[in-house]
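Hello,

Here is the structure I promised to pass on. Please open it first, then read my notes below.

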Amino acid sequence: MNKPIRTISIFCLLLFLALMLNATYLQYWKAGELNDDPQNRRVLVASYSRERGAILVGNKPVAQSVESDDEYKFQRTYPKPMIYAPLTGWFSYYSATGIEQTRNDVLSGDDSRLFVTKLVDLLSNDPTKGGNVKLTIDPAAQEAAYRGLSALGPRTQGSVVALEPNTGKILAMVSLPTYDPNKLASHDLGSVQDTFDRLDGDPTQPLLNRAIQTRLPPGSTFKVVTAAAAIDKGLYTAGDDVPGGVTYQLPLTRGSTGLIDNEGRSCGANGSKIPFTQAMEQSCNTTFAQLAGQVGAEDMAKTAEGFGFNSHYFDDLTPQAESVFPTDIDEAQLGQTGFGQFDVSATPLQMAMVAAGLANGGSVMRPYLVDEEQSADLDVIQKTDPQELSQAVSASTASEVTKLMVSTVDNGTASPAAIPGIAVAGKTGTAQAGQTDRSPYAWFISFAPAENPRVAVAVMIQNADIPRSEIAGGMLGGPIAKAVMEAVIK
Amino acid sequence: MSQTSSSLMGFVHRRRRGAELFLLVLALTVGIGAYAAVGIGVEGKVPADIVGYGGWLAALVIAAHVVIRFVAPYADPVLLPVVAALNGLGLAVIHRLDLAKEAAGDFHGYAQQQLTWMTLGLALFVAALLALRDHRNLQRFTYTSGLAAIVLLLLPMLPGIGKSVYGARIWIHVGPFNFQPGEVAKVLLVITFAGYLVLHRDALALAGRRVAFVDLPRGRDLGPILAMWLVSLGILVFQRDLGSSLLFFGLFLVMLYVATERPGWLIVGALMFAGGATAAYYLFPHVTERFDIWLHPFDYYGKNGDQAFQPVEAQFGMGWGGLIGRGFGDGDPNRVPFAESDFIIAAIGEELGLTAVIAVILLYGLIVERALRTALICRDGFGKLVSVGLGSIFALQVFVVVGGVTSLIPLTGLTTPFLSYGGSSLIANWVIVAILLRISDQARRPAPQLSDDTTAISDDATQVVRLGRLP
């Protein structure tokens with residue numbers, strides 16, 4: 001009977017080998033996939049119970065873990081919840097957003113670059129501590145932007161973005177309405193769910209980061225792009241005269257639908273020429289419709305895309321909405337794009353990049369929010385290097401457009417952003433929502449000081465407690481942009 | 001003739017009791033060390049009762065060792081330490097799960113009960129060794145134990161004492177005692193099969209037809225295998241116990257193959273198993289569901305009454321444990337329902353990692369290896385068959401339960417020998433080890449010295465006896 005016993009032995013050996021191989025597959029090869037499964041409560045509870053790193057602005061935390069005496073050991077708190085909510089996001093038992101989500105590896109301590117720290121913790125039997133994430137935000141600019149925007153009233157919907165032109169650092173990013181992430185990070189899971197459901201169902205969309213997720217027609221602020229395209233093509237310089245007119249009939253159209261005007265601003269007689277500065281100061285729709293036609297659809301699109309339209313460039317927060325400059329358009333539509341209407345739409349971040357690109361000699365820097373990633377012991381493990389996104393227009397073009405924008409602040413519609421003693425470049429915008437019963441959107445972009453720019457700002461007001469007739473980019477956005485620029489420069 | 005045979009049989013096994021003692025110390029280190037590690041990991045300090053607990057555990061295994069020294073001096077020296085290590089580790093893990101349940105306000109004291117069961121198991125182990133001085137005596141009980149096994153298997157079907165627990169009707173409840181008779185039945189069945197087959201192996205092996213390189217047994221010899229097939233199908237159908245039916249059928253196949261040396265039986269049996277399993281898949285919804293959950297556990301997770309919760313949580317836990325585990329107290333093994341019984345491997349995988357899972361599988365492999373080695377060197381057919389049967393039961397049971405927990409095969413309910421919480425299983429397994437030790441003692445014992453006298457007699461016997469001339 002020994003021969004079959006030997007066969008059985010081989011059979012048993014195979015059974016046990018299969019068990020060991022399968023266990024190895026499960027616990028080694030498949031482990032990563034299992035741990036990444038969003039249904040895996042173990043991973044969630046563990047990361048929830050861990051001392052996460054802080055999110056820093058300057059040297060102060062805007063998100064940190066403090067010890068709690070319940071089963072989760074640590075409570076995530078947000079010391080300045082409303083101002084920074086769109087940036088930090090929240091870290092709850094159910095989900096994470098914002099920097100909490102995009103930099104979760106560092107904050108939770110799972111990042112492979114924290115391996116040594118983790119090993120030391122393991123050997124000294126300390127629980128793993130997460131690393132810190134330091135933001136590029138300038139706290140003074142952020143607070144000025146938040147104060148300015150919320151001063152428009154409790155029902156304000158809008159956003160402010162400030163960039164450092166020569167690096168792409170985001171100095172301020174505010175979105176209203178906002179929410180309190182502390183309520184979503186609570187250990188009272190029932191109230192977390194209730195709060196989330198309420199915020200998620202709110203028609204004013206407080207969970208939306210309007211700075212990167214809301215696309216609206218940029219209106220007249222887009223005229224700086226049209227001007228840049230025209231100058232870059234060699235058609236004009238800032239000192240030249242450009243076509244003006246009280247009204248302008250778009251090509252391919254007849255009658256009132258294709259007839260554009262300037263809402264009474266002084267833009268010369270039909271068929272006449274006016275100085276480029278006047279056209280910019282008075283925000284002449286008739287002029288820029290004609291300029292767009294002269295530049296052509298292809299070059300308009302090329303310049304707009306140079307500034308970042310139609311592309312994805314921001315990953316520090318998700319999801320970034322891509323700003324749109326329409327392609328495949330006819331001449332009438334092309335004319336409308338010249339003053340930021342038709343299908344042109346932009347996020348506040350995009351318009352800040354337009355201002356920053358012009359401020360930086362035509363070179364558009366990739367915007368970034370995370371300055372440094374640090375280990376729990378504050379050693380820098382990664383510092384973000386500024387990166388050029390593209391050269392949108394030549395340096396000389398940029399300086400010509402800057403002249404036009406400075407003149408717009410000094411003598412024109414953008415005067416509310418003027419700072420005594422400092423040359424400020426700016427442009428207003430008031431875009432039609434498309435429906436007559438809705439308030440128009442107010443825009444403002446600017447940078448300062450004009451000769452050596454340190455900050456570029458875009459302000460977008462989607463909705464505010466202000467009568468429809470009083471909504472104008474300069475009146476509403478100008479003072480906010482001014483406050484943010486002053487906060488950075490002074 | 002006698003010269004060659006005596007030189008062949010001249011190899012004498014050493015007793016190796018000292019080695020056993022040394023290995024037992026290692027096994028105790030595993031058991032008591034794990035208990036201390038649980039205390040440190042979960043409560044931050046060495047448990048206060050470590051001396052009492054460790055002392056009791058040590059006393060139990062040392063007592064077993066001493067008994068072996070006296071009544072089975074040639075017994076296999078590896079079996080007892082391996083089993084002691086598994087039992088000790090199981091106790092520690094059950095204790096750890098107890099602490100988690102206590103923290104959640106659901107204290108059962110499973111570890112304390114398991115220690116009681118272990119004590120009882122060792123008592124029966126010693127009793128078995130003392131009572132059973134020669135394993136061949138068991139052959140007398142071939143039919144008795146067969147009858148007892150069938151009665152035990154049918155008991156859960158009786159109204160009043162049988163009870164359906166989580167779909168499987170494999171428990172009996174008498175007064176305060178709960179008992180899983182299938183665990184005892186498997187030992188009895190091995191004895192029955194061995195006794196039957198050792199008598200009928202020639203009849204089973206002799207006749208047959210050769211079809212396509214395969215020796216198929218005769219139709220009338222298919223009787224026992226058909227009966228076994230029906231029994232396992234019956235268990236599957238009436239008690240909804242996939243694991244046990246697979247175990248009994250596989251056991252019988254292996255023993256039949258070893259007894260007859262005819263691989264044809266394996267093929268016939270495998271085909272019948274495949275047929276039965278396919279039929280069960282289409283006929284019984286709970287089998288269909290088990291199979292589908294095995295194929296697509298994540299599709300079922302969180303839906304449809306959460307049937308896949310247990311296997312998926314086990315997978316999550318084992319993945320979470322990774323190579324070296326989270327450490328006692330740092331995992332969440334209690335998320336898996338029945339982590340202390342059927343799913344204890346998942347708890348080990350989570351907190352002690354792949355390393356410990358492989359170690360445990362290797363320990364089981366060692367038990368099987370020692371059982372099969374005993375079968376190889378055993379001098380009588382009955383002993384060979386019993387050792388092969390007991391070894392195969394271990395191999396199959398471990399494969400079915402560990403494979404089920406790690407999703408290698410569809411999940412069926414079986415206990416993990418020596419690790420899982422559960423009295424019936426623990427006691428039955430300790431008795432299995434006692435029988436294995438007894439057989440190995442007989443097998444390793446030097447052959448009785450009969451040569452001098454018998455040689456003389458046989459030499460005489462071959463002399464031509466002259467009877468004188470017939471008239």
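**A helix pair in chain B**

Helices α9(B) and α10(B) run roughly antiparallel to each other, because their angle is over the 145 degrees that this term requires. The angle between them is about 165 degrees, and their axes lie 8 Å apart. The crossing is right-handed. Please keep in mind that this is a predicted model.

Which residues meet there? On the α9(B) side they are F249(B), L253(B), L256(B), Y257(B) and T260(B). On the α10(B) side they are P263(B), W265(B), L266(B), G269(B) and F273(B). By class, eight residues of this contact are nonpolar, two are polar and none is charged.

**Across to chain A**

Helix α9(B) also packs against a helix of the other chain, α1(A), which covers residues 2-29. Their axes come within 7 Å and cross at roughly 145 degrees. This crossing is right-handed. From α1(A), the contact takes P4(A), I5(A) and I8(A). From α9(B), it takes V254(B), Y257(B) and V258(B). The residues here are six nonpolar, with no polar and no charged ones. Note Y257(B): it is listed in the contact with α10(B) and in the contact with α1(A).

Now the interface as a whole. On chain B, 39 residues are in contact with 29 residues of chain A. Four elements of chain B give two or more residues to that side: α9 (242-260), α13 (309-321), α14 (344-377) and α15 (381-405). The largest share comes from α14(B), with 11 residues. By class, this side of chain B has 22 nonpolar, 13 polar and four charged residues.

**Chain B overall**

Chain B has 17 helices and five strands. Of its 471 residues, 50% count as buried. Take the contacts in chain B with a separation of 6 or more: residues 24 or more positions apart account for 71% of them.

**One helix in chain A**

Helix α8(A) spans residues 139-150, 12 residues in total. It reaches 16 Å from its first C-alpha to its last, close to the 16 Å expected. Which of its residues are buried? They are A141(A), Q142(A), A144(A), A145(A), Y146(A), G148(A) and L149(A).

**Backbone details to look at**

Two cis peptide bonds in chain A are worth a look.

- L176(A) and P177(A) are joined by a cis bond, with omega about -5 degrees. P177(A) sits in the loop between β6 (170-176) and α9 (181-184) of chain A.
- A448(A) and P449(A) are also joined by a cis bond, with omega about -15 degrees. P449(A) sits in the loop between β16 (441-448) and β17 (455-463) of chain A.

Then there are positive phi values in residues other than glycine.

- L252(A) has phi near 70 degrees. Its place is the loop between β8 (247-249) and β9 (259-261) of chain A.
- F418(B) has a positive phi of about 70 degrees. Its place is the loop between α15 and α16 (423-444) of chain B.

Are these two buried or exposed? L252(A) counts as exposed, because it has 12 C-beta neighbours inside 10 Å. F418(B) has 27 inside 10 Å, so it counts as buried.

Best wishes

Terms used: Residues numbered from 1 in each chain as written. Chains lettered and ligands numbered in written order. Predicted model: local features only at pLDDT ≥ 70, side-chain atom pairs only at ≥ 80, totals over all residues. Buried ≥ 20, exposed ≤ 12 C-beta atoms within 10 Å, placed from the backbone. Contact = placed C-beta atoms within 7 Å. Nonpolar A, V, L, I, M, F, W, Y, C, P; charged D, E, K, R; others polar. Expected span 1.5 Å × (residues − 1). Axes fitted to C-alpha atoms, helices over the stretch in contact; angles between N-to-C directions. Left-handed = near helix turned anticlockwise from the far one by under 90°. Parallel < 35°, antiparallel > 145°, perpendicular 65-115°, else oblique.
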